[in-house]
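Look at the chain below before reading on.

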Amino acid sequence: MAGSQDMFDAIVMADERFHGEGYQEGYEEGNSLGIIEGRQYGTLHGAKIGSEIGCYQGFASAWRCLLHSCATEKDSKKMKALESLIGMIQKFPYDDPTYDKLHEDLDKIRGKFKQVYTKSCR
């Protein structure tokens, strides 16, 4: 009787055991795929941000050279805004993906770029 009871318990408990094992396997695979997908997403968006910042830096460097060569009194405000943009770009934390104000600082750089671009094109 005890042997048949153990066999009956094994059959009844099989569903629960397989459910637990399936959950654990799914969790481990999902975790692994999540890490891979997260790295791909981070790489892609990090490259986009780096490209954007590089574009701003190239623009600012070119305009600084142009303004230095033919600086006038009215260009001093342009030069001040340009130097501010360059300073913000230099302080940007390229190597710290956990920096909590990354998007806030990026938005400030974008705003300063728009200001410099507007002043430069007049």
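What percentage of the 122 residues of the chain count as buried? In this predicted model, the share that counts as buried is 21%.

**Overall form**

The chain has three helices and zero strands, and its pattern along the sequence is α-α-α. The C-alpha atoms fill a box of roughly 105 × 20 × 20 Å along the principal axes. The radius of gyration of the chain is 29 Å, whereas a compact globule of 122 residues would have one near 14 Å. Of the contacts with a separation of 6 or more, 62% are between residues 24 or more positions apart. The accessible surface comes to about 9400 Å², and carbon and sulfur atoms hold 58% of that surface.

In soluble globular proteins, nonpolar side chains tend to be buried together. The largest nonpolar core here has 18 residues, and Ile-53, Leu-82, Leu-85, Phe-92 and Ile-109 touch the most other members.

Beyond its neighbours within four places in sequence, Ile-53 is in contact with Ile-89, Phe-92, Tyr-94, Leu-106 and Ile-109.

**A buried charged residue**

Asp-105 lies in helix 3. Asp-105 is buried but has no salt bridge. The nearest side chain of opposite charge is that of Lys-108, 4.4 Å away, and a salt bridge requires a distance within 4 Å. Apart from neighbours within four places in sequence, Asp-105 is in contact with Phe-92 and Tyr-99.

Technical notes: Residues are numbered from 1 along each chain as its sequence is written. This is a predicted model: local features need pLDDT of at least 70, side-chain atom pairs count only at pLDDT 80 or more; totals for chains, interfaces and linings use all residues. Side-chain values use heavy atoms; hydrogens and water are left out. A nonpolar core is a set of buried Ala, Val, Leu, Ile, Met, Phe, Trp, Tyr and Cys residues joined through side-chain atoms within 4.5 Å. Buried means under 20% relative accessible area, exposed over 50%, partly exposed in between (1.4 Å probe, protein chains only). Contact means heavy atoms within 4.5 Å. Helices (H or I, at least four residues) and strands (E, at least two) are DSSP runs, numbered from the N terminus. Lys and Arg count as positive and Asp and Glu as negative; His and the chain ends are not counted. The radius of gyration is taken over C-alpha atoms; the globule rule is 2.2 Å times the number of residues to the power 0.38. Accessible areas come from the Shrake-Rupley method with a 1.4 Å probe; for residues, only the protein chains shown count as cover.
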